[in-house]
Amino acid sequence: MHSSSKLYVCSRETGSLGRFKASLRENVLGSPKELMKLSVPSLVYAVQNNMAFLALSNLDAAVYQVTYQLKIPCTALCTVLMLNRTLSRLQWISVFMLCGGVVLVQWRPAQATGVVVEQNPLLGFGAIAVAVLCSGFAGVYFEKVLKSSDTSLWVRNIQMYLSGIVVTLVGVYLSDGAEIKEKGFFYGYTYYVWLVIFLASVGGLYTSVVVKYTDNIMKGFSAAAAIVLSTIASVMLFGLQITLTFALGTLLVCVSIYLYGLPRQDTTSIQQGEPASKERVSGV
């Protein structure tokens, strides 16, 4: 999700360049506390991404795929604990069904290679546990901030990703500073790279809208549906063969999306009050 896209949308939303600048001064430069508040999920996302790379470096791809899907029930648990929200038993069943469906859709049989890579499974599982927890916490934290005030969705995104840009730039220059100084920051940026950045920006904007008007669990469902659609596109464009596990996973994803939508619970605002923890976790 890129801040340049959010700047453009925010300027369109405010109606004029002057109002846009005033909004930025008020909500970004004039609200350091709010900026610090939104830096929390940004930093957590940075940790999550690095832990995911570390886990993938120390685990087989199939093991990584399966274990990383624990972020789906972890997000549901964070939603219950942090937003005082109750999920029905049917919704919990659909969450775990979605998790299983995504695993099956992404499953690829392990293939032996002649390359021997030294791995540390204990480090890999530790890293993926941290990544799963970060994914659930950061997503739900951002949702809570969005739904706890009337501040514009786009302003919130700008606040969040300004700190993300700073953190990312520091990491880039620490790891590849010498090469950037020699070849320039945008070295290797082809038209295809810019197209991928644009598509990621649009996808990020829609993700924010999903979180604002539904919740992070539904974001997980939409991501699962995207996996299925991208695989179907690969079948049509690149001749990818459909397997039994993919067909079963697709069925589980579709059924889970249908089941989760049945209760029609309102998740567009934060509930007030603190229900008993047992009720929040077990549901109706």
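User: What pattern does the protein follow, read along the sequence?

Analyst: This is a predicted model, where local features need pLDDT of at least 70, side-chain atom pairs count only at pLDDT 80 or more, and totals for chains, interfaces and linings use all residues. Residues are numbered from 1 along each chain as its sequence is written, and side-chain values use heavy atoms, with hydrogens and water left out. The secondary structure comes to 12 helices and 0 strands, taking helices (H or I, at least four residues) and strands (E, at least two) as DSSP runs numbered from the N terminus. Read in order, that gives α-α-α-α-α-α-α-α-α-α-α-α.

User: How do helix 4 and helix 7 pack, and which residues make the contact?

Analyst: Helix 4 (residues 61-68) and helix 7 (residues 121-147) have axes 10 Å apart, at an angle of about 30 degrees; axes are lines fitted to C-alpha atoms over the stretch in contact, and angles run from 0 to 180 degrees between N-to-C directions. Contact means heavy atoms within 4.5 Å. On the helix 4 side you'll find Val 63, Tyr 64, Thr 67 and Tyr 68, and on the helix 7 side Phe 125, Ile 128, Ala 131 and Val 132.

User: What share of the protein's contacts with a separation of 6 or more comes from residues 24 or more positions apart?

Analyst: Cys 254 and Ala 225 show what sequence distance can look like in space: they are 29 residues apart in sequence and 7.8 Å apart, C-alpha to C-alpha. Across the protein, for contacts with a separation of 6 or more, the share from residues 24 or more positions apart is 84%.

User: Is Asn 84 buried or exposed?

Analyst: Asn 84 sits in the loop between helix 5 (71-83) and helix 6 (89-106). Its phi is positive, about 55 degrees, although it is not a glycine. Buried means under 20% relative accessible area, exposed over 50%, and partly exposed in between (1.4 Å probe, protein chains only). Asn 84 has 13%, so the class is buried.

User: And which class does Cys 254 get?

Analyst: Look in helix 11 (residues 244-261) for Cys 254. Its relative accessibility is 47%, so Cys 254 counts as partly exposed.

User: How much of residues 122-142 is helix?

Analyst: UniProt (unreviewed entry) lists 122-142 among its "transmembrane region" features; such annotations may be inferred rather than shown by experiment, and positions follow the numbering used here, with feature names shortened. The end C-alpha atoms of residues 122-142 lie 30 Å apart.
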